[in-house]
Amino acid sequence: MPKKRVNEMGSLEKKHYSLEAKAFRSTIMGAIVLGLAALVIGLGIYTYTLVHQYITEAFNLSKSAAAILQKASDVEPLANEVVADYRALSDEERAQKRTDAYRKRFSSYTKREDYQMIRTILEDFANAVDIDDIYLAMYDRDTCSLIYIVDQDNDPETQVMPVEWDKVSEKEMEDFLASDGKDEVWSIQNTKDYGWLCTSGVPIQNDSGETVAFVLSDISLHNVAHGMRGFFWSYFVAIIGVVIIVGILMAKHMKKKLATPINQISVAAQNYVEDRRRGVKDVAHFASLDIRTGDEIENLSLIMDDMERELAEYEENLMRITAEKQRISTELSLATRIQADMLPNIYPAFPERPDFDIYASMDPAKEVGGDFYDFFLVDDDHLCIVMADVSGKGVPAALFMMASKIIIASNAKLGKSPAQILTDTNAAICSNNREEMFITVWLGILELSSGRLTAANAGHEYPVIRKPDGVFELIKDRHGFVIGGMNGIRYKEYELQLERGSRLFLYTDGVPEATDAQGRLFGTERMIDALNRDADASPKDILKQVRSAVDDFVEDAEQFDDLTMLCLEYMGSVQDGS
């Protein structure tokens, strides 16, 4: 694989690693492999055919010579005598073969009439056919040797004399001794004196059917090797020519059917990227290719065309959606500010009033929330305090919250009691509540001159009170049904007496139900503990320490609910000094 990426290569490198070049090299390599395989197979077939031809020729020659010898001469006496003389020799005497003394010892055989007749017949056959040697011999099982009886060869260098012998393999000997002269029997071996020889022959049998000798023919395989070399080079040159021609034709074909269409798709893709960077639109890069290869490449071009059109549509839709999301985000930001502005958010809230201090906060789970708090003076001696939680979250809860806040404030400013305020608010909401939303409310009216707190609870969390020099404790007041849940509900109220230094803490369920990553709730007990860490702190600092405790508990877990809190410190009436 190349070390560089394509866009880092020069023109020569790109050409070297191009599909056309790879296709040409692959075709050449494939053709060479197939050519070599064909060469090996062809060479094997050629060698087998030629060798088999030689074997058949030698076998037929030996068979013809054996037939004539059986008719023209009695081979058995000469063969038996030669074999008998061989067997009578000691190992030391046999080792003297092809020496002058050895040959002189058995030279009398060459003067015999039957020897001369056999040699003449064999010589006539050798001269008539292209064969290296034809001779009469016999195998000896005891010594695994071939004993020569008559040899027609006149060359003193290669001629063998009677009673001379050569060592043979046991397999060759057994194959020949088992032959009946009808089926071809042969042996190929690399001899020390004659090189590679192919020997074939037939037995000569006496009247009893016993084999007395063999007419054997030797053919040198030198001609076979010479013919193989000629065949190899001719075939090799032909293969090279075919490989080159096939490689060129296949490379052109691959270029037309593969490389060129892929390059067209690649160029179109590059142009597409460049046009997108320049902001050029409405250009059909892939539709104009018109690739008609009828295969996966054509399918790829069609897919790229579809992809280009779908990407254009997707980008258009994405731009429209992005613009819409931006508009919604802007509107939500505006809604967040509007909601925040609707709640009391300037502190100190009543700087001219020394008889009480109040502080509140709201952290919505989404851009806008459904929790709300409110506090306002109904008159100079009565402070209305509201803590509420709308069902649901987000924009619908925020809209319902604002409507509910206005209704509650309107009823409260008419001088109604807390129970009557909730009763009338419930009737107003239930009269037009198709979405079946509801709201939990704790509402109290504090008479500042006396510290008497009259309150009503519509399904909201319990308030928390701290008496002077005491600790924060839950006030488990009586709950009424939620606002908006059912028409005709009438709410009841109760009274609490606040003394100088008393504190009131109100909250929504987002505080005790704050959840950590393991799914554990913050809980009311942890909230009370957080309040009592510094029970004498100002209302603002009390809310900070509760929020800090919540944050330490939930850590990185997501906030699932609005978190709203309010704290009031009652300092008593200035007139009576209480």
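1. Contact here means heavy atoms within 4.5 Å. On that basis, residues 24 or more positions apart account for 67% of the contacts in the protein with a separation of 6 or more.

2. The model is predicted: local features need pLDDT of at least 70, side-chain atom pairs count only at pLDDT 80 or more, and totals for chains, interfaces and linings use all residues. Residues are numbered from 1 along each chain as its sequence is written, and side-chain values use heavy atoms, with hydrogens and water left out.

3. The protein has 13 helices and 16 strands, taken as DSSP runs numbered from the N terminus (helices H or I, at least four residues; strands E, at least two). Its radius of gyration, over C-alpha atoms, is 59 Å, well over the 25 Å that the globule rule (2.2 Å times the number of residues to the power 0.38) gives for 578 residues, so the protein is more spread out than a compact globule. The C-alpha trace spans about 175 × 60 × 45 Å along the principal axes.

4. Of the 578 residues, 43% are buried, that is, under 20% relative accessible area (1.4 Å probe, protein chains only).

5. Helix 10 (residues 394-412) and helix 11 (residues 418-430) have axes that come within 9 Å and cross at roughly 135 degrees. Axes are lines fitted to C-alpha atoms over the stretch in contact, with angles from 0 to 180 degrees between N-to-C directions. Helix 10 and helix 11 are therefore oblique to each other (oblique being what is left after under 35 degrees, roughly parallel, over 145, roughly antiparallel, and 65 to 115, roughly perpendicular).

6. The contact involves Phe400, Ser404, Ile407, Ile408, Asn411 and Ala412 of helix 10, and Ile421, Asp424, Thr425, Ala428 and Ile429 of helix 11.

How values were computed:
Buried < 20%, exposed > 50% of the residue type's maximum accessible area, 1.4 Å probe, protein only.
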